[in-house]
Amino acid sequence: MANRDDEYYDRGGRRPSQRDDRYRDDMRSSGRGRDSRSRRDYDDYDERPVRRREPDGRGSRYDDPRRGGQSSRPGAPRNGKKNNKALILLISEIAVALLLLVAAYNIFFKMGATKVGRVNLDESEINDSISEAAADSEHMKGYTNIALFGVDSRKGQLDKKTRTDSIIICSINNDNGEIRLCSVYRDTWLNLSDDSYDKCNAAYVYGGPEQAIKMLNMNLDMDIKHCYTIGFRGLSDVVDALGGVEIDVPDNVVKHLNNYENTMAQELKMEYKPVEKAGLQRLTGLQATAYCRVRYTANGDIDRAARQREVIQACLEEAKKKSPAELEEIAEKVFKESYTTLHFDEIVKLLKKVPKYEIVDQAGFPSEGMINPNARVGKKSVVAPVDLESNVKWLHGFLFNDTEYAVSDDVKKYSQKISTDTGAGK
């Protein structure tokens with residue numbers, strides 16, 4: 001893979017210091033999605049006028065008739081009625097506050113604090129993004145398709161204005177539990193669902209999971225209605241809750257893994273435990289998350305996407321060792337660190353089928369042999385499908401065994417535009 005326009009890593013072989021910014025993605029600009037708010041966008045209480053109140057019995061300067069205040073001479077009207085009104089208002093406010101507390105209790109405790117991770121998408125918008133060709137496909141009807149998004153988030157921001165380092169289509173065969181995973185390389189030049197073209201990971205930055213799902217449906221003739229988004233800490237906690245994962249770490253990944261882990265440990269206030277050597281070993285949650293982030297190997301993002309799928313595979317193997325009750329407990333702990341269209345009871349229902357699930361194949365999009373990983377659009381280094389139309393046909397054969405799939409007219413139109421922008425068809 002060619003050097004990305006957003007890469008900042010020095011390949012000189014020097015080991016970075018603990019504060020090395022080369023492994024901090026937050027130092028890079030995220031384009032239109034960059035948060036441009038000032039550091040002073042908070043309430044400045046120091047600039048508010050201060051009401052000064054004299055102690056009881058000393059009188060107030062506001063009571064001085066010369067200043068237009070209330071006279072205290074005999075016969076002046078008293079404030080009894082005003083005090084009664086103030087008391088009634090105070091009691092009303094307390095009653096409203098109590099009602100709000102009761103409502104909060106019912107929402108966050110009786111219903112479960114896990115509701116924090118729930119997102120409602122505009123169903124009409126999602127349905128409009130599904131082509132007739134996809135909706136009418138008999139091969140797709142027996143599958144549940146879920147978009148998995150791994151976002152570059154350290155502060156728990158999972159809705160939008162954050163990059164998707166990982167975009168994976170998880171396709172589950174409802175009859176036999178077979179799962180196929182397909183990564184969509186984050187730098188792939190696609191229609192962002194609004195007839196603007198950019199790297200596909202920009203869709204989440206601009207419009208969150210809704211726009212990202214629409215982007216996948218429109219460009220790939222998919223029928224995706226659900227998503228699951230997780231950040232760095234969430235993934236780390238999932239792996240730790242499972243007891244770690246077994247990964248065969250290549251020698252050329254160890255240094256980069258440790259650098260990423262060291263940086264995340266400082267940012268997330270978590271323990272840093274370096275990987276001492278290459279080979280098969282059990283990784284902690286933070287180590288596994290760092291492993292998913294490494295892209296400084298020969299094939300760049302293609303290798304990184306494969307490592308991400310490898311960690312998902314390892315998590316599934318560990319989950320199979322747990323009882324349904326243990327899995328539900330784990331899900332309840334980490335659900336608040338995710339952002340998903342699935343109800344918690346739907347997730348529990350899926351978890352009960354874990355022993356039945358088997359990842360039978362995995363790949364990346366665009367497909368090997370139909371990809372230009374070194375394309376450019378202006379100054380941007382991008383991944384280009386040599387022919388989007390052919391790649392979509394391949395994808396439906398890979399996920400749904402539909403080797404005769406006929407792509408939609410919209411995909412044909414997007415394909416021509418992408419070829420023109422990237423020169424991939426030349």
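Residues are numbered from 1 along each chain as its sequence is written. In this predicted model, local features need pLDDT of at least 70 and side-chain atom pairs count only at pLDDT 80 or more, while totals for chains, interfaces and linings use all residues; side-chain values use heavy atoms, with hydrogens and water left out.

Q: What makes Tyr143 count as buried?
A: Buried means under 20% relative accessible area, exposed over 50% and partly exposed in between, using a 1.4 Å probe and protein chains only. Tyr143 has 18% relative accessibility, so Tyr143 counts as buried.

Q: How do you know that Phe400 is buried?
A: Its relative accessible area is 1%, so Phe400 is buried too.

Q: Why is the pair of Phe149 and Tyr204 called edge-to-face?
A: Rings of Phe, Tyr and Trp (its six-membered ring) pair if their centres lie within 6.5 Å; planes under 30 degrees apart count as stacked, over 60 as edge-to-face and the rest as tilted. Here the centres are 5.3 Å apart and the planes stand at 65°, so the pair is edge-to-face.

Q: What makes Phe149 count as buried?
A: The relative accessible area of Phe149 is 2%, so this residue is buried. Tyr204, at 1% relative accessibility, counts as buried as well.

Q: How do you know that Lys417 lies over the face of Tyr197?
A: A charge sits over a ring if NZ of Lys or CZ of Arg is within 6 Å of the ring centre and within 35 degrees of the ring normal. Lys417 lies over the face of Tyr197, at 5.6 Å from the ring centre.
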